[in-house]
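Student: I've just opened this one up and could use a guide. Can we go through it together, one question at a time?

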Amino acid sequence: MSQHGSDEHRPPPVGPRTAMQNTPNSERYVLEADAMRRRQLRSALLHGSRRTWREHTKIWPAVVVGLIVVAVIVAGLAVVQAFQKTEENEKKEQQKQDRPASSAPASPGP
C-alpha cells in the first residue's frame with residue numbers, strides 16, 4: 001500500500017468552515033450566522049433568560065399593590081402623628097386654662 005491509502009481512512013475535519021467549504025458565498029453565510037447569534041445574545045441580555053415574552057410574570061400589578069400598601073402605611077402614620085399632636089395641643093391648652101385660675105391672686109375686697 002502507498003501513503004495515499006492511509007489518508008483515505010482519516011476522518012474528514014468537522015466544523016462550520018468545512019461544512020460550507022463547497023457552498024458558494026460561504027463567507028456570507030458564516031457572517032450572517034454570526035450576526036444572528038449576536039442578535040440572539042443581545043436579546044437574551046435585554047429580555048432575560050426566559051424563552052418567550054409570554055413566560056414573563058406580570059410585575060406591574062405587584063408594583064401597584066406595593067405602592068398602595070406603602071401609601072396606606074404612610075397615611076396611617078400621618079394620622080397617628082396628627083392625633084398625637086392634637087392631644088398634646090389640647091393638654092397644653094388645658095394647662096394654660098388651669099394656671100391662670102390657680103395662680104391668679106385673690107382679688108382684694110372693697
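Student: Is Arg37 buried, partly exposed or exposed?
Tutor: The classes go by relative accessible area: buried is under 20%, exposed is over 50%, and partly exposed is in between, with a 1.4 Å probe and protein chains only. Arg37 has a relative accessible area of 46%, so Arg37 is partly exposed.

Student: Before we go on, what sort of model is this?
Tutor: It's a predicted model, where local features need pLDDT of at least 70 and side-chain atom pairs count only at pLDDT 80 or more, while totals for chains, interfaces and linings use all residues. Residues are numbered from 1 along each chain as its sequence is written, and side-chain values use heavy atoms, leaving out hydrogens and water.

Student: Which residue does the side chain of Arg37 meet in a salt bridge?
Tutor: A salt bridge here is a side-chain nitrogen of Lys or Arg within 4 Å of a carboxyl oxygen of Asp or Glu. At 3.2 Å, N to O, Arg37 meets Asp34.

Student: Which residues are joined with Asp34 into one network?
Tutor: Arg38 and Asp34 also meet in a salt bridge, at 3.1 Å from N to O. They are four residues apart in helix H3, so about one helical turn separates them. Salt bridges that share partners make one network of Asp34 with Arg37 and Arg38.

Student: How far apart are the end C-alpha atoms of helix H3?
Tutor: Helices (H or I, at least four residues) and strands (E, at least two) are DSSP runs, numbered from the N terminus. The expected span is 1.5 Å times one less than the number of residues, so the 22 residues of H3 (residues 26–47) should span 32 Å. The model agrees, with the end C-alpha atoms 31 Å apart.

Student: Which residue follows H3?
Tutor: Look for a positive phi, near 95°. The residue after H3 is Gly48.

Student: What is the order of elements along the protein?
Tutor: The secondary structure comes to four helices and zero strands. From the N terminus on, that reads α-α-α-α.

Student: How much accessible area does the nonpolar patch have together?
Tutor: Patches use residues with over 30% relative accessible area and no salt bridge, joining like charges within 9 Å and nonpolar side chains (Val, Leu, Ile, Met, Phe, Trp, Tyr) within 5 Å. Val63, in helix H4, is partly exposed at 35%. With Ile59, Trp60 and Leu67, Val63 forms a patch of about 460 Å².

Student: Which residues form the positive surface patch?
Tutor: Lys and Arg count as positive, and a charge is placed at NZ of Lys or CZ of Arg. One member, Lys85, lies in helix H4 (residues 60–103). The patch is formed by Lys85, Lys92, Lys96 and Arg99.

Definitions and conventions. Areas by Shrake-Rupley, 256 points an atom, 1.4 Å probe, with all protein chains shown as cover.
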